[in-house]
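Here are my notes on the model, point by point. Please keep the structure open as you read.

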Amino acid sequence: MRGLVRRALALARRGVDHKGVAANVYENGGMSGRYLIMTVISAAIATLGLMLGSPAVVIGAMLVSPMMGPIVALGFSLTLLDWDELKRALFAVGIGFFVALIVALLLTWLSPLKEPTAEILARTRPNFFDLLIAIFSGVAGAYAVVRQRGETIIGVAIATALMPPIATIGFGLGTADWRVAGGAFFLFMTNLVAIALAATLTAGFFGFRPRLGERPAPWQGIAVLLVFAVLAAPLVVSLRSIGLESRATAETRIAVADIFSGADSRVTLLDVRSDHAETTVSALISTRTLIPDAQSRLQARLNAALHTPVKVTLDQIVVADPRAASRAVQASPVSTPTAAQTLRTRLTDAVPFATDAVMTDDSGSKAIVLLRPDAGLDLASAHALEKGLQGRFEGVAVWVTPPLTALDTVDLGDPDAVQLAAWALGRWRARPRVSFCRPEPAPEVAEGAIAPPGAQARFVAALTTMGVALAEADGPPCQRRDRNLARIALG
């Protein structure tokens, strides 16, 4: 077996001009005027393509990106333990990064498009497939350089993993969206290290070794290893987060199936995010029967299974057909939205129920979802849907407007009923006529103390908070047995 491996390596390395390849790599891996000009052009095209949500324009940026040279030189210098070339390659990568970042920042500040598109959001959460793309790009780039063929096309593959994330970082900083900027920077560093590592291993496979007569001093070799270890840290963190998110997703689906067994339910929406401190799980369950302690049970299951802090948010929606809700999510059309349409498209995809309209304002800070009467949701379920959407779309005021339904009476002694009625009336923009039937008075307190409001005052305060003003006309007449009750008429 050892002999076969040696013969295979000898066959692969046959005809490789190690000295000539190394000289060519180092020649193309440093700073130059062409490198800076092409970096500016590529960054500008990538930023505009991301803001327009156009994959074709982003591909155009990849075609002119010059970042292949310094990164492959970085990988080869690690294999050859060439300290001077390592510093030169790192300097070129760093300058290219900051030049591209400045270009992206300037274009973001000058552009009226401030809403993150699907192309931008796709580069804020590195996953296992991004890692594979970077590794194979590095292998392909190093192989093309060693064989001295197809370098331009392979440069496109390497640019796939680097220039768009840099432009996304600039967009996040330009719009003060730190989550976008942080996620894109994490993706950039992960891909940079993965590409360099793949190039290093590929160069070693083809027989590149430090020359015996020019071995660096021991401290230089140690310094190279330390630099590589520092660069590899994001890759280790990324792999841990990817693995933890995969485990959390699988465990959540298993736990939900157990908790809701017999309730005919489906996981409609599931979002799992992990950082170094905590894993966040947000789930929206479509079910025929509510499970009161479902969130606490899911929290306990995930804490026991993952052995790491987990924050669970579980919302339940009672629907006539849970399978229909899941099918609606799976059948959401795939499109490439413009900047003005992105938020509306994301909301449409996230709401698995029949809607009359999904409206957003120009700034993308507020959205209204109008549910149709055949959506199959009561007021409580529509309220839960709104809370779930607000948790998922941070920074956006999402309002869900339920279909107009009968709301004849409100139990003033039930805080949840009071809040739900005030919410529904506010979403309907109603001006109701209300009769208060023997409301509970404010409790008596000691002289000088401030008395808490009575039942009627609490209901009026809840309505005021939701922007609801009462009509001057009297509401429906009270019945004989009405006590601590509000009777409402909308007409």
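Which residue forms a salt bridge with glutamate 85?

1. Glutamate 85 pairs with arginine 88 in a salt bridge, with the closest N and O atoms 3.2 Å apart. A salt bridge here is a side-chain nitrogen of Lys or Arg within 4 Å of a carboxyl oxygen of Asp or Glu. Glutamate 85 and arginine 88 are about one helical turn apart, because they lie three residues apart in helix H6. Helices are DSSP runs of H or I with at least four residues, strands are runs of E with at least two, and both are numbered from the N terminus. Glutamate 85 is buried, at 19% relative accessible area. Arginine 88 is partly exposed, at 34%. The classes are buried (under 20% relative accessible area), exposed (over 50%) and partly exposed (in between), with a 1.4 Å probe and protein chains only.

2. Some ground rules. This is a predicted model, in which local features need pLDDT of at least 70, side-chain atom pairs count only at pLDDT 80 or more, and totals for chains, interfaces and linings use all residues. Residues are numbered from 1 along each chain as its sequence is written, and side-chain values use heavy atoms, leaving out hydrogens and water.

3. Now the whole chain. The protein chain has 18 helices and nine strands. Of its 491 residues, 46% are buried. Among contacts (heavy atoms within 4.5 Å) with a separation of 6 or more, 74% join residues 24 or more positions apart. The accessible surface is about 24500 Å², and carbon and sulfur atoms hold 60% of it. These areas come from the Shrake-Rupley method with a 1.4 Å probe; for residues, only the protein chains shown count as cover.

4. The structure holds six salt bridges. One of them joins aspartate 258 to arginine 301, with the closest N and O atoms 3.1 Å apart. That pair links distant parts of the chain: aspartate 258 sits in helix H12 (residues 218-259), arginine 301 in helix H13 (residues 294-306), 43 residues apart. Aspartate 258 is partly exposed at 41%. Arginine 301 is partly exposed at 35%. Another salt bridge joins aspartate 293 to arginine 297, at 3.8 Å between the closest N and O atoms.

5. Helix H3 (residues 33-52) passes a length check. Its 20 residues should span 28 Å, and its end C-alpha atoms are 29 Å apart, which agrees. The expected span is 1.5 Å times one less than the number of residues. Its buried residues include Tyr35, Ser42, Ala46 and Leu50. The buried residues of H3 pack against helices H4 (55-64), H5 (68-80), H6, H7 (118-121) and H10 (163-174). Glycine 53 follows H3, with a positive phi near 70°.

6. Look next at arginine 427, in helix H17 (residues 415-428). Arginine 427 is buried, at 10% relative accessible area. Its side chain makes a polar contact with the side chain of glutamate 386, at 2.9 Å. A polar contact is a pair of N or O atoms within 3.5 Å; within protein, one must be able to donate a hydrogen and the other to accept it, and residues adjacent in sequence count only if both atoms are side-chain atoms. Beyond four places in sequence, arginine 427 also has contacts that include Trp399, Pro402 and Met466.

7. Finally, arginine 344 lies in helix H15 (residues 342-350). Arginine 344 is partly exposed, at 31%. Leaving out residues up to four places away in sequence, arginine 344 touches Val358 and Thr360.
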